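Take a moment to look over the chain as a whole before turning to its parts.

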Amino acid sequence: MSKPFFSRAKSWRLCSKQAVYATMRSAGSGSRSAVSATNPPSASRTTRSPWPMGPLIILTGRIANRESNTPALSATQPSAQIRGSSDLIPPILSQASGVVLDIGPGTGTQMPLLRSPAIRAIYGAEPCLGLHSELRARAASEGLADKYHILPCGVEACDLIPTLQTQGLLDHDTDMSPAHWSTGNPGDGVFDTIICVRVLCSVPNMQRAIRDLYTLLRPGGKLLVVEHVVNPWRTPKGSVVARGLQAMYGVLGWSWYMGNCCLNRDTADALKMAAEMDGGWEFVELERWFETTPMPYVSGVLVKRPR
Ligand SMILES: C[S@@+](CC[C@H](N)C(=O)[O-])C[C@H]1O[C@@H](n2cnc3c(N)ncnc32)[C@H](O)[C@@H]1O
């Protein structure tokens, strides 16, 4: 497979930061975590990944901001079981099915959560080539070697689309011009489920990337999201102090040290807007968590309208 569109310098910096993440994750993977009723203990244990900001997170309980126009797709965790951001992931990923695209899987920390028989194939789009061997080894150890396909590309359409074409998932005559691609409906989509876990904070043009992912979803397909976001400090549930800390970390070089990770993204808004040109999402269930901390999260499911 050809080398992805990714500049060497950028790739090196990204990978060096991701190596830090990987090390921190494996260092903490043995720590105890809450076991969800819907997930096997091993899965929950494996996904317990202390985020670099862990010590700074003061868990103050769930502040839900659910938006939906149909009944919930599946149960979310009772708030008592949510002790950290890693606890948000199992109930969301348990909803994956069909042909799945996992954006930025890293070393495959979440792979134990993707063993459902409802999943036919998984494509992990990981631009950091240095993580591929670990990703491949994880797929083998989880018994997913046949199902898991590593895509050496990022989420950007100019990178992802040619890779999908090479894989035979998209026609080679797909019109890749931004005008066409960003209509959200250049065809019937490719994936039944797209997963974004702790990745949209570091993609260069988040709004554009999410719109492109929307396009790649099949009608009725699900976008599963667990992402840290900007503190909603202007709302009663947010925190001016936490927002100030986010700004301070930014000034101190957070993004540089953390592989382009940005603490100030309004990801929930971008997710909702992505379907605007197509009449909106069929279903949105996004919940906000840890809103008084410098690492608030949004997690949930967005479903594309069936045709
Ligand atoms: C914080 S890690 C999260 C890994 C994994 N999703 C998890 O939850 O354990 C961020 C991942 O996003 C990847 N990444 C960074 N920029 C990306 C991009 N533009 N497109 C796709 N993945 C990207 C990184 O290489 C890294 O593996």
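The model shown here is a predicted one. The protein has 10 helices and 8 strands, and buried residues make up 46% of its 307 residues. Among the contacts with a separation of 6 or more, 69% are between residues 24 or more positions apart.

In soluble globular proteins, nonpolar side chains tend to be buried together. In this model the largest nonpolar core has 74 residues, and Leu101, Ile194, Ile195 and Leu213 are the ones that touch the most other members. Helix α7, residues 206–216, gives the most to this core, with 6 residues. Leaving aside residues up to four places away in sequence, Leu101 touches Tyr123, Ala125, Phe191, Ile194, Ile195 and Leu216.

Helix α8 can be followed in some detail. This helix covers residues 240–251, and its 12 residues reach 17 Å from the first C-alpha to the last, close to the 16 Å expected at 1.5 Å a residue. Its buried residues are Ala242, Gln246 and Tyr249. These residues lie on the same side of α8, because they cover an arc of only 65° around the axis. An α-helix has 3.6 residues a turn, so residues three or four places apart point the same way. The buried residues of α8 pack against α9, residues 254–257, while the face turned away from the buried side carries the exposed residues Val240, Met248 and Val251.

Ala247 also lies in helix α8. Is Ala247 buried, exposed or partly exposed? Ala247 is partly exposed, because 17 other C-beta atoms lie within 10 Å, whereas a buried residue needs 20 or more and an exposed one has 12 or fewer. Ala247 and Pro294 are 47 residues apart in sequence, yet their C-alpha atoms are 9.2 Å apart in space. Just after α8, Gly253 takes a positive phi of about 100°.

The ligand is surrounded by 23 residues, and the closest are Gly104, Gly106, Thr109, Cys128 and Gly154. Helix α1, residues 8–28, provides the largest share of this shell, with 3 residues. The table sorts the shell by class.

| Class in the shell around the ligand | Number |
|---|---|
| Nonpolar | 12 residues |
| Polar | 8 residues |

Terms used. Residues numbered from 1 in each chain as written. Predicted model: local features only at pLDDT ≥ 70, side-chain atom pairs only at ≥ 80, totals over all residues. Near = placed C-beta within 6 Å. Helix = DSSP H or I, 4+ residues; strand = E, 2+ residues; numbered from the N terminus. Nonpolar A, V, L, I, M, F, W, Y, C, P; charged D, E, K, R; others polar. Expected span 1.5 Å × (residues − 1). Arc of directions from axis to C-beta. Contact = placed C-beta atoms within 7 Å. Core = buried A, V, L, I, M, F, W, Y, C linked by C-beta atoms within 7 Å.
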